[in-house]
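Here's a walk through a protein model, one region at a time. Keep the 3D view open and follow along.

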Amino acid sequence: MGGGGGGGGRSVPDGSVDLDALRRRAREIDEQARFDAEVNHRLAQRFASINARDAEKIGRYLDDILGALKDDVGGVERTLFGGSVAKNTYVEGLSDVDALVVLDRADLKDASPEQVREQFCRALKAALTHADVAEVSSGALAVTVKYHDGTEIQLLPAVQRGERLAISSTDGKEWKSIHPRSFARDLTEVNKNQGGAAVPSIKLAKQIIAAQMPEGERLSGYHVEALAVAAFRDYVGSRNPKAMLTHFFATAARGVLQPIHDVSGQSRHVDESLGAARSAAREALSRRLQRVADTMENSRDARDWERLLGDG
């Protein structure tokens, strides 16, 4: 088969270029460019909607909480794991923690993680008495403050143990030393190297995962971010959201098959609940992610992307 001197046209018997083939190819390129532009426009609109969480308001709420607990708090770390306000990757329903609060109370020195969390929850309930607060509740690891305007702040109590901070292990029975800045530093570096395009892609990926996976089976916010750091660390493709999301889901479908080391020290692996490499749970999750990637790769209708985002 003969090439047409870089123009993509098919040679005809007399050696000239098949102009009809060139025109068809030009139309295909134009249609693809129009489609990409439409999808990227819709993704940009969705990102703006996702990004509308009022970070300034969250900061005021956090300051209010810490001010109310000033006699009990020895410090606060607002850059933490997945979905924190400081890393600006929050998405409703997938954020992990907004702040780590270091408690400084003598009566908690030898307390268990569960006792510390219960005391922290009681202290918050007693301190936050103004009309803005609807509820304060304790979960498996964090304490959540819910406001009447719909805002939720998740706080993870921690204690200083020697030179390191410690939080509860996932079973609540022991303390785990952590390095809260380590992962945030990695994510910040990757986002900077990608011209600031990684964080918007992470937010959109979380939205798609929330729409496409049942709540009990989806990846955590921290897991999504860890997969994104791996996907975008050496990424050299186009930095538009359509291209980066397609790359993320295709890469994540492979990456989820292996455990990811937890650089924060919160646990041995970011994804411990999925078991060993290529476990049944990992294989099932990989297939889900690959289906999303395939839809993105093969789509020729912007409505496919709307459905992925949960709008269809």
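Some ground rules before we dig in. This is a predicted model, so local features need pLDDT of at least 70 and side-chain atom pairs count only at pLDDT 80 or more, while totals for chains, interfaces and linings use all residues. Residues are numbered from 1 along each chain as its sequence is written, and side-chain values use heavy atoms, with hydrogens and water left out.

Zoom out to begin with. The protein chain has nine helices and seven strands; these are DSSP runs numbered from the N terminus, with helices (H or I) of at least four residues and strands (E) of at least two. Of its 312 residues, 45% are buried, where buried means under 20% relative accessible area, exposed means over 50%, and partly exposed is in between, using a 1.4 Å probe and protein chains only. Take the contacts (heavy atoms within 4.5 Å) with a separation of 6 or more: 60% of them join residues 24 or more positions apart.

Now find helix H6 (221–232). Of its 12 residues, 11 are buried, so H6 is largely enclosed by the rest of the structure. The buried set includes Gly221, Tyr222, His223 and Phe232. From first C-alpha to last, H6 reaches 16 Å, close to the 16 Å expected at 1.5 Å a residue; that expected span is 1.5 Å times one less than the number of residues.

Next comes helix H7 (241–255). H7 has 15 residues and reaches 20 Å between its end C-alphas, close to the expected 21 Å. At its N-terminal end sits a cap: a side-chain oxygen of Asn240 lies 3.2 Å from the backbone nitrogen of Lys242. Lys242 is itself one of the buried residues of H7, which also include Met244, Leu245, Phe248 and Phe249. What do the buried residues of H7 pack against? Their partners are H1, helix H5 (198–212), H6, H8 and helix H9 (302–308).

Asn240 and Lys242 turn up again in the lining of the second largest pocket, along with Gln32, Asp36, Asn40, Ser238, Ala243, Thr246, Met296, Glu297 and Arg300. Helix H1 (19–50), H7 and H8 each give two or more residues to that lining. The volume is about 210 Å³, and by class the lining has two nonpolar, five polar and four charged residues. For the classes, Ala, Val, Leu, Ile, Met, Phe, Trp, Tyr, Cys and Pro count as nonpolar, Asp, Glu, Lys and Arg as charged, and the others, Gly among them, as polar. A pocket here is an open set of points on a 1 Å grid over the protein atoms alone, with protein on both sides within 12 Å along at least five of seven lines; a cavity is a set where a 1.4 Å probe fits but cannot get out, and lining residues have an atom within 4 Å of a point. Points are joined across faces, edges and corners, and a volume is the space filled by probe spheres set on them.

Stay with H8, where you'll find Ser286. Ser286 counts as buried because its relative accessibility is 10%. Its side chain reaches the backbone oxygen of Ala253 at 2.5 Å. Leaving out residues up to four places away in sequence, Ser286 touches Ala253, Val256 and Leu257.

In the loop between H7 and helix H8 (280–298) sits Arg278. Phi of Arg278 is near 55°, a positive value in a residue other than glycine. Most residues other than glycine have a negative phi. With 48% relative accessibility, Arg278 counts as partly exposed.

On to the cavity: there is one of 30 Å³ or more. About 40 Å³ of space lies in the largest cavity, lined by Pro113, Arg117, Leu141, Leu156, Pro157, Ile167, Ser168 and Trp175.

Finally, look at Thr151, in the loop between strand S4 (143–147) and S5. Thr151 is buried, at 8% relative accessibility. By contrast, Lys109, in the loop between strand S2 (99–103) and H3, is exposed at 64%.

Terms used. Polar contact = N/O pair within 3.5 Å; in protein donor to acceptor, adjacent residues only side chain to side chain.
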